[in-house]
Amino acid sequence: MSLRWLTIFLDFPAASFGAGVAFWGEVTGYGLSAARGADGEFATLLPPSGDAYLRVQRIADGAGGCHLDLHVDTEAESLNAAADRAAAAGALIRHRDDGLVVAASPGGFAFCLVSWDGERAAPPPLAADGGSGAGASRVDTLCLDVPPGEFEREVAFWAALTGQQARPAPVPGYAVLPRPAGWPARLLLQRRDSAAPGDRTRGHVDFGCTDAGALDRHVALGARVTGVQQHWTVLTDPAGHEYCLVGRDPA
């Protein structure tokens with residue numbers, strides 16, 4: 001398979017960028033790279049070990065959320081060939097440039113195709129209480145929240161693009177794509193209960209979490225609990241973006 005790595009971008013409006021970046025650095029335990037881009041709008045969250053897979057972006061318009069970079073092994077498949085394959089599966093190709101293809105899934109979720117730079121080591125989970133054995137957490141899933149009428153088409157698209165066979169998750173209304181070997185996170189798709197006309201697929205991240213103190217720590221850092229289910233807790237970060245703590249071994 002030519003897709004060798006995945007990067008999740010957390011996108012923040014300018015007004016909430018500083019608070020959002022500070023929060024995510026704390027809850028992941030990651031540092032922050034120097035700013036990049038023409039206006040210093042990009043940065044990388046740097047894990048203590050392993051390869052980076054979370055980045056932040058300051059956006060000029062909109063409420064933010066997240067988007068995805070898929071890293072193509074260009075020795076196996078050119079970016080143009082990967083873009084053609086994505087288009088054949090149903091993607092809208094918005095822009096092609098040297099080293100970058102900007103696209104959207106059939107349901108409207110933004111993603112980019114970029115060249116793989118040898119990333120292969122997923123960071124270890126963040127141990128609770130300095131490694132006392134009380135559990136751990138790590139962002140291990142990007143969940144795509146899909147309007148009900150788009151769900152089957154969106155599942156088929158991501159399965160075709162990644163070469164993974166989608167399977168129903170244990171919870172009804174979800175489909176999971178197994179995490180390819182070497183990837184730092186997997187893709188999960190959720191069928192939303194309803195959607196307004198014109199709503200598109202959006203995304204949020206999930207932490208696999210066995211750290212009993214993680215919820216209190218996230219709330220103390222500024223998160224707000226917005227829902228509690230049997231196996232996960234829904235929170236909103238200080239920038240207003242939803243994410244989940246899921247009772248699952250992040251390793």
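Is the crossing of helix 2 and helix 3 left-handed or right-handed? The crossing is right-handed, where right-handed describes a near helix turned clockwise from the far one by less than a right angle, and left-handed one turned anticlockwise. The model is predicted, and local features need pLDDT of at least 70, side-chain atom pairs count only at pLDDT 80 or more, and totals for chains, interfaces and linings use all residues. Residues are numbered from 1 along each chain as its sequence is written, and side-chain values use heavy atoms, with hydrogens and water left out.

Helices (H or I, at least four residues) and strands (E, at least two) are DSSP runs, numbered from the N terminus. The axes of helix 2 (residues 79-89) and helix 3 (residues 151-162) come within 9 Å and cross at roughly 155°; axes are lines fitted to C-alpha atoms, for helices over the stretch in contact, and angles run from 0 to 180 degrees between N-to-C directions. Helix 2 is therefore roughly antiparallel to helix 3, a term for angles over 145 degrees, while those under 35 count as roughly parallel, 65 to 115 as roughly perpendicular and the rest as oblique. Arg-85, Ala-86 and Ala-89 of helix 2 make the contact with Phe-157, Ala-160 and Leu-161 of helix 3, contact meaning heavy atoms within 4.5 Å. These residues divide into 5 nonpolar, no polar and 1 charged, with Ala, Val, Leu, Ile, Met, Phe, Trp, Tyr, Cys and Pro counted as nonpolar, Asp, Glu, Lys and Arg as charged, and the others, Gly among them, as polar.

The largest nonpolar core has 57 residues, and Trp-24, Phe-111 and Trp-158 have the most contacts inside it. Such a core is a set of buried Ala, Val, Leu, Ile, Met, Phe, Trp, Tyr and Cys residues joined through side-chain atoms within 4.5 Å, and buried means under 20% relative accessible area, exposed over 50%, and partly exposed in between (1.4 Å probe, protein chains only).

Asp-237, in the loop between strand 16 (232-236) and strand 17 (242-246), is buried, with a relative accessible area of 4%. Leaving aside neighbours within four places in sequence, Asp-237 is in contact with Phe-12, Phe-23, Trp-24 and Tyr-243.
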